[in-house]
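Please keep the model open while you read.

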Amino acid sequence: MNSVVIATKRGIMDFQFLPVFQGLTEQELHDLEQIGAIRRQKFNKHMTVFHVGDLVHEIGIVLEGSVLIENNDLWGNKSILSRVEKGQVFAESYAFHEVPLMVDAIADEDSLILFLDVQRLMEEQKEIAKANGSEFNEEEARLKAREKMMLHAAKTDLAIRTGKATVKL
């Protein structure tokens, strides 16, 4: 299996265990950046990454820091639903389903997030299919990608929680 590494200010992080990077080379990662399918963004502590009601088309992957997934009720009570740690993925269901967020994603500390643009990847796949003279079923592709992402996200979460993840720092 090819390894994809991403440099962070604390060292090199190997993302071969994340489903979105499995089988990718560093050149392919660079190509994804060139077509605008991935981007990195820094967030200071307490900055909003995604807000309730946003229509997101990107999956977030925490490279540094952590992100809280929060729910605020009608009475102003805040509930923390989860804490997304380094190497974990968030907003994948919203990105694949194209529905408004029902939660906030807030940087719990200074964080670096890698965003994978699902919409841009789908557009690229359509262009490739058209160039090859084949059909592209976007709904089927989204469903398959979502299923794979959810399965691997669960495995990744388990690996991180049990200390068996392949994150090198």
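F43 is buried, with a relative accessible area of 4%; buried stands for under 20%, exposed for over 50% and partly exposed for what lies in between, with a 1.4 Å probe and protein chains only. F115 counts as buried too, at 1% relative accessibility. Before going further, please note that this is a predicted model, in which local features need pLDDT of at least 70, side-chain atom pairs count only at pLDDT 80 or more, and totals for chains, interfaces and linings use all residues. Residues are numbered from 1 along each chain as its sequence is written, and side-chain values use heavy atoms, with hydrogens and water left out.

**Aromatic pairs**

A pair of aromatic rings is described by the distance of the centres and the angle of the planes. Here, rings of Phe, Tyr and Trp (its six-membered ring) pair if their centres lie within 6.5 Å; planes under 30 degrees apart are called stacked, over 60 edge-to-face, and the rest tilted. The count comes to three aromatic pairs, and two of them are set out below.

| Pair | Centre to centre | Angle between planes | Type |
|---|---|---|---|
| F43 and F115 | 6.2 Å | 70 degrees | edge-to-face |
| F50 and F115 | 5.7 Å | 70 degrees | edge-to-face |

Which parts of the chain does the pair of F43 and F115 link? F43 sits in strand β3 and F115 in strand β10 (residues 111-117), distant parts of the chain that are 72 residues apart. Strands are DSSP runs of E with at least two residues, helices are runs of H or I with at least four, and both are numbered from the N terminus.

Together, F43, F50, F90 and F115 form one aromatic cluster.

**Two positive phi angles**

Most residues other than glycine have a negative phi. H46, however, has a positive phi near 75 degrees. You will find H46 in the loop between β3 (38-43) and β4 (48-50). Is H46 buried or exposed? At 59% relative accessibility, H46 counts as exposed.

E98 is not a glycine either, yet its phi is positive, at about 55 degrees. E98 lies in the loop between α2 (92-97) and β9 (104-107), and is partly exposed, with a relative accessible area of 42%. The C-alpha atoms of E98 and V118 are separated by 9.9 Å, while the two residues are 20 residues apart along the chain.
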